[in-house]
Amino acid sequence: MMTVAAASKRRNKFAQRVVGEVDAATAPGSFSHGRREQTGPAAKAADPAALLAWYDRHHRRLPWRAPPGDRADPYRVWLSEIMLQQTTVKAVGPYYVRFLARWPDVGALAAAKLDDVLRAWAGLGYYARARNLHACAQAVVEGQGGRFPDSEHDLRALPGIGAYTAAAIAAIAFDRRAVAIDGNIERVIARLHAIETPLPNGKGEIRARAETLLPAHRFGDFTQALMDLGATICTPKKPACGICPWRDACSARARGDAESFPRKAPKVLGEMRYGASFVVTRSDGRVLVRSRPAKGLLGGMTEVPSTAWTPAFDAVAVLEHAPLKATWRKLAGVVEHGFTHFPLQQVVYVAHVPARTAAPDGMRWVPFADLHGEALPNVMRKVLAHAGLGDQNP
Ligand code: SF4
């Protein structure tokens, strides 16, 4: 049996839903990856039954999964799908288990305090998801009698559920005929049909092709089988075509250039932004923090006082933004962080003040020992680590 750690080494670091376990018989390491064994055109159409048979034998064992053929709990499917957005299976696992232990059903989550949900989410990133998770649980309890709707249309009306997530829940939890296309599935379909149109324009063609592949039944298993194929066999680098259940039907394999699919348009990166954070500690072992505004980037999360993050950062006047009068010292180096739409570089200033120093309006002192319980986004964990407080690798 291939371990999670060993398997995860193989994944491209940007790939989502990476890998759980793969039976030894199909472990990619047991074959020569990416061998160009066939150079002519693909011989036959992809057979959904072949993929389902492969899934029955080699599906990943994931904490939120029901065995093949069984119907999964909609609450578990929904919770896992929200957590998996922009996040790997490996990172989600422990969070999912903790959430489920603390809030075992949608009613329990709806009754939770938002602050507790944000704290439990801290470190998972993309915090709007946690706020939507809580809002969605309340909407299901208050507007749906505590039961998730079973159609894509009605699921999409709930907070935080977009087209992909609605299709995934409809297929996996309710076995509805739905096509949920994530990055893994996009890659499989683009290769299977050697789709030349670059992403994102190629998405429509990929979806249309995926719809033609749907089986007559077992829509949930088929969706998960496609996810697993992309995560464990049809990987971004060195796909294990030799053991793929669709190897004889795959156009990219026949051409010998599977890795070059899906075609991608050149990436446009966001403009670099700059800022400064102020880490002030009190001699009784506390650090000054505040909560970010409820709306906007990292809404409601905890931060040390910081400047705005802008492309035109005034490094000369930076101390005008310091939260209180103190002897400030600028730390060497910068803290780098990547948000979805822009990269960030932050300088960090530190100061130490007496125990009785009052917190400025809107701020509060938090004991060092309690920092782990704060809803700190990863960028702030990095800032605190840079200042010698907290975990260096959030
Ligand atoms: S779908 Fe094609 S490219 Fe992907 S693993 Fe199978 S044979 Fe290889």
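## Strand pairing around β6

Two strands are said to pair if DSSP finds at least two bridges between them, and helices (H or I, at least four residues) and strands (E, at least two) are DSSP runs, numbered from the N terminus. The model described here is a predicted one, in which local features need pLDDT of at least 70 and side-chain atom pairs count only at pLDDT 80 or more, while totals for chains, interfaces and linings use all residues. Residues are numbered from 1 along each chain as its sequence is written.

Strand β5 (residues 335-338) pairs with β6 in the antiparallel sense over four bridges, and a hairpin of four residues joins β5 to β6. Within this pairing, G338 has P343 of β6 as its bridge partner. Strand β4 (residues 329-330) is likewise paired with β6 in the antiparallel sense, over two bridges, and K330 stands opposite Y349 in β6. Strand β1 (residues 273-282), by contrast, runs parallel to strand β6 (residues 343-353), to which ten bridges join it; the bridge partner of R282 in β6 is V353.

## Overall composition

The secondary structure of the protein comes to 14 helices and seven strands. Of its 394 residues, 41% are buried, a residue being called buried if 20 or more other C-beta atoms lie within 10 Å of its own, exposed if 12 or fewer, and partly exposed in between, with C-beta atoms placed from the backbone.

Contacts are counted between two residues whose C-beta atoms, placed from the backbone, lie within 7 Å. Among the contacts in the protein with a separation of 6 or more, 70% are accounted for by residues 24 or more positions apart.

## Helices α3 and α4

Helix α3 (74-84) is mostly covered, since eleven of its eleven residues are buried. Those buried residues include the charged-side-chain positions R76 and E81 as well as W78 and L79. What covers them includes α4, α5 (106-111), α7 (128-143) and α9 (163-174). Just after α3, Q86 takes a positive phi of about 65°.

The 14 residues of helix α4 (residues 89-102) should span 20 Å at 1.5 Å a residue, and the end C-alpha atoms are 20 Å apart, which agrees; the expected span of a helix is taken as 1.5 Å times one less than its number of residues. The buried residues of α4 are V89, V92, Y96 and F99, and what covers them includes α3 and α6 (114-121).

In helix α2 (residues 48-58), the residues L51, Y55 and H58 are buried. Seen down the axis of α2, these buried residues fall within an arc of 90°, so they line one face of the helix, the arc being that of the directions from the helix axis to the C-beta atoms. An α-helix has 3.6 residues a turn, so residues three or four places apart point the same way. The exposed residues A49 and R57 are carried on the face of α2 turned away from its buried side, whereas the buried residues of α2 pack against α12.

Helix α12 (residues 219-233) contains M227. M227 is buried because 27 other C-beta atoms lie within 10 Å. M227 and R187 are 40 residues apart along the chain, and their C-alpha atoms are separated by 10.0 Å.

## E152 in helix α8

E152 has its place in helix α8 (residues 152-156), and E152 is buried because 22 other C-beta atoms lie within 10 Å. Not counting residues up to four places away in sequence, E152 touches A166, A167, A170, R176 and A178. The C-alpha atoms of E152 and T165 are separated by 8.7 Å, with the two residues 13 apart along the chain.

## The shell around the ligand

The ligand is surrounded by 14 residues, of which the closest are C234, C241, C244, C250 and A258; a residue is near a molecule or strand if its C-beta atom, placed from the backbone, lies within 6 Å of it. The elements that give two or more residues to this shell are α10 (183-192) and α13 (251-255), and the largest share, three residues, comes from α10.

By type, the shell divides into eleven nonpolar residues, no polar ones and three charged ones. In this count Ala, Val, Leu, Ile, Met, Phe, Trp, Tyr, Cys and Pro are nonpolar, Asp, Glu, Lys and Arg are charged, and the others, Gly among them, are polar.
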